[in-house]
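Me: Please take a close look at a single part of this structure. A connected account, with every criterion stated, would be appreciated.

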Amino acid sequence: MNRRLIFWANGTAALLALLASIGAASLAGRRSSPPGAPPVAAASKAPAPPSPASVVDAGGFRVEVRPFRRIASGSSVADRLLLDLAEPDRLIALTEFGSLHSPVRHLFVGRPLIRDLDDTESLLALKADLLLVNNYGDRARVARLRESGIAVFDLGEMRGLATLVPNIRDVAALLGDPARGAAYERALVQRLTRVAAPLGNTPRRRAIYASIYGDRIYGGTVGTNYHDILTFGGLEDIAAPRFANWPQYGAEDLLTINPELFVTKPGMRRLLCAQPGLDGLKACRAGAQAGFVEIPGAILDDPGPTMLEAAEAIFAAAYPGLGGLDAGLDRRFDHRP
C-alpha cells in the first residue's frame, strides 16, 4: 500500500457486529438484530472509566498518558477525532488530504499540514509530542520518530464503526478525558441509528456498493465502512450473504446479485453500465437513473465520523421526500460529559 497520506484508497464500510463488549459499551451482533437493522454499538450510560496511565496501540506499543500539548494527525480518521475531541490549541498539524476533502475542512485553515508520513525530517521539525496514525507499517521510520521523543500511536485498521469505537476511546484516553470520548461515542451512535428512522416499517431498498478502479469492479460489504453506511442509510446490503470485506466483482457476480440500487461515486453509473453484459442489470435499464446513488468519494470512503454524513446523503438520495430526523443539525457533536 502506498504510504503517502492517502485518505483510504479503498475506503471502508462495515457495520460489523461489534460483539459483546468493547470496553464500556456492549455491541450487538448481526444474528441478534432484527432484519434490516444495523448492529451498532450500544452507547453505554455507565460512567466513563477513569483515565488510564497508559494506552496500548494496534501494534502493541504502550504509550504513557501525559499532558500532550503538541499533537499531530497522520490520518483522516485522526484528523476528525482530534478536531472533535481535543482543545484547538493542542493541535499543531493535520493532514493535507483532510484540508482538501474533509466535510469540516474549514477547521483546517491556518494549521500546518502533513503531506507525507515518509517525510521524516518534516515530521521531526514539527516537534510534536504525540502523532496519531492509522495502520502505518514503516517500523524503521516509526522507531526513529519515537527515539526523537514523539509518542507515535497507531490506531490500526480503518473498517468503519467496528474500529472507530475503539479509536474514539483510545484518543480520548490519550487526551486525558475518557468521559468526553464516551459522550462523543454516544452522540455519534445515536445519530447514526436515527438516520433511517423515518422509514418506519417500510421495506428497505436492496443495494450494494461498487466502484470501478482501473478496469476492475470492487465492492465493499461486511467488514468495511461501506456496509455500515448502507445499513445506517436505510438500505439492505444484499452482497453481505455472499461476500465480505472488499470483493472484486465479475459481471456474473453482479448479474446474480442484480441489486435494485448501486451506491457509488460520481460518474460510475455510466462506467458500470457500459461494462460488457451489465446493461441488463435492473439499475442500468433505460430510465433507471434512480438505480444509482452517487456520493462524493471523500465522504463515501471515509471510515471515520464522516460516516454520519455519508449515511445521511445515502438516505436522502435513496428515499427522496422522507427527510431526516437530524436535518439541519450542527455537524459537530456535543461531546460534553
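Reply: A residue is termed buried under 20% relative accessible area, exposed over 50% and partly exposed in between (1.4 Å probe, protein chains only). D228 counts as buried because its relative accessibility is 0%. The model is predicted, so local features require pLDDT of at least 70 and side-chain atom pairs pLDDT 80 or more, while totals for chains, interfaces and linings use all residues. Residues are numbered from 1 along each chain as its sequence is written, and side-chain values use heavy atoms, without hydrogens and water.

D228 belongs to helix α7, residues 225–232 (helices are DSSP runs of H or I, at least four residues, numbered from the N terminus). The C-alpha atoms of D228 and L161 lie 7.1 Å apart, although 67 residues separate the two in sequence.

D228 also takes part in the packing of α7 on α11. N225, D228, I229, L230 and F232 of α7 meet M307, A310, A311 and I314 of α11, contact being heavy atoms within 4.5 Å. Of the residues in this contact, seven are nonpolar, one is polar and one is charged; Asp counts as charged.

The axes of α7 and α11 (residues 307–318) are 8 Å apart, at an angle of about 50 degrees. The two helices are therefore oblique, being neither roughly parallel (under 35 degrees), roughly antiparallel (over 145) nor roughly perpendicular (65 to 115). Their crossing is right-handed, the near helix being turned clockwise from the far one by less than a right angle.

Definitions and conventions: Axes are lines fitted to C-alpha atoms, for helices over the stretch in contact, and angles run from 0 to 180 degrees between N-to-C directions.
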